[in-house]
Amino acid sequence: MQASCKLSNVAKNYLNTFHCILDEMIRGMTEAELNNSISYNFIVQMVPHHQAAIEMSRNLLQYTTFIPLQDIACGIIAEQTKSIENMQEIQCTCGMRKNCSQDLCLYQRRIDQITQSMFAKMSCAPDKNQLNENFIREMVPHHMGAIEMSQTTLQYDICPQLKPILDAIITSQQKGICQMQKLLRQLGCR
């Protein structure tokens with residue numbers, strides 16, 4: 001068994017900030033005040049999810065000199081800031097679209113499964129001195145969680161204004177995962 005590597009001060013600072021962001025995201029998503037609207041519930045849980053991606057990207061940008069990853073982080077900040085604005089704009093209207101208790105229960109059970117898996121994978125991402133690899137291994141499960149949450153939400157009766165936002169999340173985050181996995185290979189990581 002290999003001894004774990006000693007983390008540099010830069011890696012420690014990066015990882016400490018990441019874990020604080022992750023804890024805040026988990027708190028924001030699990031403590032969101034839900035009601036009887038799947039559309040509304042998606043929004044109030046996705047906003048802290050997106051906010052975490054923005055903060056994770058800002059954290060990385062303090063340290064990385066790897067231009068392709070800087071571009072991805074800047075893209076995440078821009079896309080998810082706009083997505084938050086779009087969701088907040090329709091939140092009240094979407095909150096009026098009510099769902100039956102059975103659909104709410106089935107929906108929330110699946111969302112809870114998705115988020116618990118995402119939280120676990122992000123919490124278990126390797127803590128290494130390679131910050132670029134750390135970020136990718138943290139962000140890929142984060143993106144996967146957003147995709148699965150969006151796909152699940154599309155299976156229910158939701159407000160029409162939310163559908164294009166869900167489609168955009170799925171498309172942009174699938175693209176982001178492909179880009180990051182390609183960068184992992186370029187960095188020599190498996």
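**The pocket**

I began with the largest pocket and sorted its lining by class: three residues are nonpolar, six are polar and two are charged. I should say right away that I am working with a predicted model.

Which residues are they? I listed His50, Glu79, Gln80, Lys82, Ser83, Asn86, Ile165, Ala168, Ile169, Ser172 and Gln173 as the lining of the largest pocket. I noted a volume of about 160 Å³ for this pocket. Then I asked which helices each supply at least two residues of the lining. I found that H3 and H6 both do.

**Helix H2**

Next I turned to helix H2, which runs over residues 38-61. How far apart are its end C-alpha atoms? I got 34 Å, and this agrees with expectation, because 24 residues at 1.5 Å a residue should span 34 Å.

I also looked for a bend along H2 and found a kink of about 25° at Met46. Is H2 mostly covered or mostly open? My tally says covered, with 19 of its 24 residues buried.

**The cysteines**

How many disulfides does a search of the whole structure find? I found one.

The partners here are Cys94 and Cys159, with their sulfur atoms 1.9 Å apart. I checked the handedness as well: the angle about the S-S bond is 50°, and the link of Cys94 and Cys159 is right-handed. I then asked where the two partners sit. Cys94 belongs to helix H3 (residues 67-95), while Cys159 is in the loop between helix H5 (131-153) and helix H6 (162-186), so the bond ties together parts that are 65 residues apart in sequence. I marked both Cys94 and Cys159 as buried.

What about Cys92? I found Cys92 in no disulfide, and the nearest cysteine sulfur, which belongs to Cys94, is 9.6 Å away. Is Cys92 buried or exposed? I noted a relative accessible area of 66% for Cys92, and since exposed means over 50%, Cys92 counts as exposed.

Ala146 has 0% relative accessibility, so I put it down as buried. I then compared Ala146 with Asp23: they are 123 residues apart along the chain, and their C-alpha atoms are separated by 17 Å.

I went on to Asp167 in helix H6. Is Asp167 buried or partly exposed? With 41% relative accessibility, Asp167 counts as partly exposed. From Asp167 to Ile147 I counted 20 residues in sequence, and the C-alpha to C-alpha distance is 9.1 Å.

Then I looked up Ile77, which has its place in helix H3. Its relative accessibility is 17%, and because buried means under 20%, Ile77 counts as buried. How far is Ile77 from Met46, C-alpha to C-alpha? I wrote down 15 Å for this pair, which is 31 residues apart along the chain.

Methods
Residues are numbered from 1 along each chain as its sequence is written. This is a predicted model: local features need pLDDT of at least 70, side-chain atom pairs count only at pLDDT 80 or more; totals for chains, interfaces and linings use all residues. Side-chain values use heavy atoms; hydrogens and water are left out. Helices (H or I, at least four residues) and strands (E, at least two) are DSSP runs, numbered from the N terminus. The expected span of a helix is 1.5 Å times one less than its number of residues. The bend at a residue is the angle between axes fitted to the seven residues ending there and the seven starting there. Buried means under 20% relative accessible area, exposed over 50%, partly exposed in between (1.4 Å probe, protein chains only). A disulfide is a pair of cysteine sulfur atoms within 2.5 Å. On a 1 Å grid over the protein atoms alone, a cavity is a set of points where a 1.4 Å probe fits but cannot get out, and a pocket is an open set with protein on both sides within 12 Å along at least five of seven lines; lining residues have an atom within 4 Å of a point. Grid points are joined across faces, edges and corners, and a volume is the space filled by probe spheres set on the points. Ala, Val, Leu, Ile, Met, Phe, Trp, Tyr, Cys and Pro count as nonpolar, Asp, Glu, Lys and Arg as charged, and the others, Gly among them, as polar.
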